[in-house]
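Student: I am new to pockets. Please show me how to read them.

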Amino acid sequence: MSDRLSPATLDDYAGPFEPGFALDRLTRAALGKLGREYMLFAHLHDRGLMPLVAARFGPGAMTDVACDEWIGASPVYNERNRRQLGVPGDGVSAILKALQVDVGFPHEYMDVRYQLVDDTLGYFALPFCGAYQDVFKFSRGSEAAIHQLCHEMEDTTFDATVMAVNPLARCRPEHRPPLQIGHAGPTCRWRVFLDDEAATVPERAVTRAVRATGAAGFAFAPLEPVADGGLEHYAGAFETDFALESLSHPVLARQCREFALDTHLLMRAAFLSIRTRWGDAVAREISRDHQAAVAPVAGARVRAALGIEGDGIDALLKTLQVDPAFPHEYVRLGCERVDDRRGRFWIERCTALAEDEPDAWLALLDDERPGFEAALVAVNPRARCRPLAPESIDAEAQLAWEIEIDPSAQPRPESPMANAVRASNAASFVFRDAAER
């Protein structure tokens, strides 16, 4: 499926199903909404995965996997984002620019405010931190749980992210939770600086493994510039009020695809950690539970953002077309409506299927019940999919399925784990309208 088929005319995807739908069909405003949802997907993914790890192996194992996940993926996608946005240099301005498009910092939900002093020193602070608020709520203010997030996880992962830009860069807290009674001001404040005396820290094996994947090295198709007033690159001055809509339309459409790919890299790092520690069989079991927990919640948010309503075959096919679990271009997918109850979905020859070791959710495509069925059942519990011979679709198709709504089928229940993800404040978070920002 190409992402450059038609001009941008859609403020949402509430209208007819388009077999060749591409993100570039959406207007800049719609892409801004979608981009924030795709960034938030990285947090929803963690809300589904980490409790599964903790339930099986304990909270210490959850910390280990979370650190492997972010240390493994963030240096890789940080480099990708800087390269694609034309961010020059290796100073603090480049570090802060990269953080502004980091899926770990979804805009508003992680309300990060930046201050650049010079290219050797800067700060960021969070008046509101959705991740901290979630941990505080679920742990009932447990200092051990807060310390786990704000110290054990963030200390090493923040350093790994900034060191991806410059090995002499460091990130240190000015203050952070647990907070003193009566604390006023930002939840936390961090100093980013270059330390000429800092020792070089060797890159971890998990980072090297993620860097070696086809996803890490994947290059999106070249863009066609447009004169719409947005940024064609981010090589200029650091913008403290940067928003996704600051980017030009084609750059923003590509950035949305990048956000989906960045979360895929996070998943790859996390499941590499799980496979290394507990084996392939455990990783596959957790992966299926993980997708069943997250897909209904994330899918509902994306559909709401794009105005996709109903539970018919059109809504099912649209859901697959905009599912962030299928990063466009890296995953080349196609959809076709057959009639009011049936459609077809396929994945063409692409980098994702050429990976030597498909990982995370993409490793579930070959099952009799492929993992993405959880996303369909969330739209219509009587939806079913069955494999088709790829040659019945197209010469480029490598995997194919028929999707059918069977009125006589028993409604398929949602995974109980979806309610755990739904309880997160990320699931119910409401982004501000453009006029409010």
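Student: How much space lies in the second largest pocket?

Tutor: Rolling a probe the size of a water molecule over the atoms shows where empty space is left. Here, about 480 Å³ lies in the second largest pocket. A pocket is an open set of points on a 1 Å grid over the protein atoms alone, where a 1.4 Å probe fits, with protein on both sides within 12 Å along at least five of seven lines. Points join across faces, edges and corners, and the volume is the space filled by probe spheres set on them.

Student: Which residues are closest to its centre?

Tutor: Asp-111, Val-112, Asp-241, Phe-242 and Arg-432, out of 19 lining residues. Lining residues have an atom within 4 Å of a point. This is a predicted model: local features need pLDDT of at least 70, side-chain atom pairs need 80 or more, and totals for chains, interfaces and linings use all residues. Residues are numbered from 1 along each chain as its sequence is written, and side-chain values use heavy atoms, without hydrogens and water.

Student: Which element gives the largest share of that lining?

Tutor: Strand S1 (110–118), with five residues. Helices (H or I, at least four residues) and strands (E, at least two) are DSSP runs, numbered from the N terminus.

Student: What is the volume of the largest pocket?

Tutor: About 810 Å³. The largest pocket has 32 lining residues, with Asp-46, Arg-47, Val-135, Leu-149 and Met-153 nearest its centre.

Student: Which element gives the most to the lining of the largest pocket?

Tutor: H5, with eight residues.
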